[in-house]
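Have a look at the sequence and the fold, then read on.

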Amino acid sequence: MTDPVKRSSSPLRPLPALIFASRWLQLPLYLGLIVAQAVYVIHFLVELTHLVEAAFGSSEALQKLVTSIGYKVDVPPTSLNETVIMLVVLALIDVVMISNLLIMVIVGGYETFVSRLGLEGQRDQPEWLSHVNASVLKVKLGLSIIGISSIHLLKTFINADNYTDRVLIAQTAIHIAFLLSAMAIAYTDRLMEGHGGASGKH
């Protein structure tokens, strides 16, 4: 009888080895996402700096904030008001949520599709990474996209005077489509788990 451990540790034939090694082609993609993460960090710090400067009375920083959030009124604000602060804070939260999404894709995608990170026993290992797989990653990404869409929709409604009814309806419909998509993915994964459990009993 062939020992399965010894059989699995035998060297691969050249073609299977090449195909298996092709997973490393994804490495530049994940490194590129790390660069994108760094850009988001810089953007967050710039916006936060402008917010603090505007709070201390800088009209130039206030103008930059108003331009970046797309806030338009008949009379430009001369000082920070609640609406501007709320829109800026929501924009910062949006950056954080997208950054979380990037981390999930980088760490979870690399662990799932490229190579093990070897984080077992590490104190700072993310809790979700211990049981991540392609299905779990899909659901988590779907939930993250819904969260990001919710922030965008809230920003749009707060700043509704600067958008047409068509844009408001379109963004609401897109958000609902994200919700339905995430529910469909979660339901499909649940069905697949149920079939897997049922087949395992036979």
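In which helix do Lys64 and Glu60 both lie, and how many residues apart are they? Both lie in helix α4, which covers residues 59-69, and they are 4 residues apart, or about one turn of the helix. Keep in mind that this is a predicted model.

## The salt bridge

Searching the whole structure turns up 1 salt bridge.

How much of each partner is open to solvent? Lys64 has a relative accessible area of 40%, so it counts as partly exposed. Glu60 comes in at 56%, which makes it exposed, since the exposed class starts over 50%.

## The overall build

Zooming out, the protein has 7 helices and 0 strands. Read from the N terminus, the elements simply go α-α-α-α-α-α-α.

The protein has 202 residues, and 26% of them count as buried. As for who touches whom, take the contacts between residues at least 6 apart in sequence: 63% of them join residues at least 24 apart.

## A greasy patch

Now for the surface. Val41, Leu45, Leu48, Val52 and Phe56 make a nonpolar surface patch of about 480 Å². One of these residues, Val52, sits in helix α3, which spans residues 27-55. Val52 has 41% relative accessibility, so it is classed as partly exposed.

## A buried serine

Buried or exposed: which is Ser144? Ser144 is buried, because its relative accessible area is 14% and the buried class covers anything under 20%.

Ser144 belongs to helix α6, residues 134-158. If you set aside its neighbours within four places in sequence, Ser144 is in contact with Met97, Leu101 and Met104.

Technical notes
Residues are numbered from 1 along each chain as its sequence is written. This is a predicted model: local features need pLDDT of at least 70, side-chain atom pairs count only at pLDDT 80 or more; totals for chains, interfaces and linings use all residues. Side-chain values use heavy atoms; hydrogens and water are left out. Helices (H or I, at least four residues) and strands (E, at least two) are DSSP runs, numbered from the N terminus. Buried means under 20% relative accessible area, exposed over 50%, partly exposed in between (1.4 Å probe, protein chains only). Contact means heavy atoms within 4.5 Å. Patches are made of residues with over 30% relative accessible area and no salt bridge: like charges are joined within 9 Å, nonpolar side chains (Val, Leu, Ile, Met, Phe, Trp, Tyr) within 5 Å. Accessible areas come from the Shrake-Rupley method with a 1.4 Å probe; for residues, only the protein chains shown count as cover. A salt bridge is a side-chain nitrogen of Lys or Arg within 4 Å of a carboxyl oxygen of Asp or Glu.
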